Amino acid sequence: MCIFRQSFEDSCLPDDWKSAVVTPLFKKGSKVDPSNYRPVSLTCVPCKIMESIVRDYIVNQLNEGASFSRSQHGFITGRSCATNLLTAFEHWTDWLDSDFGVDIIYFDYKKAFDSVDHVKLIEKLYDNNINCRLIQWIAAFLQDRKMKVKVKLEFSDWVAVLSGVPQGSVLGPSCF
């Protein structure tokens, strides 16, 4: 617990916590097509524990402050993709029963996790009245990250991560 408390108080993380080995996880389709793999960041267990503490605190703060839209289903206790689909389906059938037309557009944000702008994310946390020290810790979590890719038994060189949230991390989906 001491290292977690110190990390939070100093808004500083050990370098090991900000290093990730990215491994490709097969989704579907042809195994020779690189676009059929999702990159997952493998990070250390102590960092994942700290991330889960931070995530739970943020979600609780947002729930208490009613910052979540009623339309928000992802990463909310008791809500999911299924509840989102059921809610949407209910609206669509109500509109069709009332003789309104319904047009539906689906978006798939390819590489969405990789494109999260750190500055905008931090601004959004401030806008939602998240604890300042917690925001500073998240900023430190996102800064000076590095990764290397592992395929079978081969590793790439380490490279700096300049944007995005780590896929496979605990905090990443909530930040996204």
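## Briefing: a helix-and-strand model

Ser-11 sits in the loop that runs between helix H1 (2-10) and strand S1 (19-26); helices (H or I, at least four residues) and strands (E, at least two) are DSSP runs, numbered from the N terminus. This is a predicted model, in which local features need pLDDT of at least 70 and side-chain atom pairs count only at pLDDT 80 or more, while totals for chains, interfaces and linings use all residues. Residues are numbered from 1 along each chain as its sequence is written, and side-chain values use heavy atoms, with hydrogens and water left out.

**Overall layout**

- The protein has six helices and five strands, and along the sequence they come in the order α-β-β-α-α-α-α-β-β-β-α.
- Of the 176 residues, 28% are buried (buried means under 20% relative accessible area, exposed over 50%, partly exposed in between, with a 1.4 Å probe and protein chains only).
- Take the contacts (heavy atoms within 4.5 Å) between residues at least 6 apart in sequence: 58% of them join residues at least 24 apart.
- The accessible surface is about 12200 Å², and carbon and sulfur atoms account for 56% of that; areas come from the Shrake-Rupley method with a 1.4 Å probe, and for residues only the protein chains shown count as cover.

**Helix H2**

- Helix H2 covers residues 45-64, with Ile-53 among them.
- Its 20 residues should span 28 Å at 1.5 Å a residue, and the end C-alpha atoms are 29 Å apart, which agrees; the expected span is 1.5 Å times one less than the number of residues.
- Val-45, Ile-49 and Ile-53 make a nonpolar surface patch of about 250 Å². Patches take residues with over 30% relative accessible area and no salt bridge, joining like charges within 9 Å and nonpolar side chains (Val, Leu, Ile, Met, Phe, Trp, Tyr) within 5 Å.
- Ile-53 itself has a relative accessible area of 40%, so it counts as partly exposed.

**Charge pairs and cysteines**

- Side chains of opposite charge can pair when their charged atoms come close. The count here is one salt bridge (a side-chain nitrogen of Lys or Arg within 4 Å of a carboxyl oxygen of Asp or Glu).
- That pair is Arg-55 with Asp-56, at 3.0 Å from N to O. Arg-55 is partly exposed at 26% relative accessibility, and Asp-56 is partly exposed too, at 39%.
- The disulfide count is zero, with a disulfide taken as a pair of cysteine sulfur atoms within 2.5 Å.
- Cys-47 is buried at 0% relative accessibility, whereas Cys-12 is partly exposed at 45%.

**His-118**

- His-118 belongs to helix H4 (residues 118-127) and is buried, with a relative accessible area of 16%.
- Apart from neighbours within four places in sequence, His-118 contacts Leu-142, Leu-162, Ser-163 and Gly-164.

- Most residues other than glycine have a negative phi, and most peptide bonds are trans.
- Ser-11 isn't a glycine, yet its phi is positive at about 50 degrees; Ser-11 is buried, with a relative accessible area of 19%.
- Asn-129, also not a glycine, has a positive phi of about 60 degrees. Asn-129 lies in the loop between H4 and helix H5 (132-142) and is exposed, at 62% relative accessible area.
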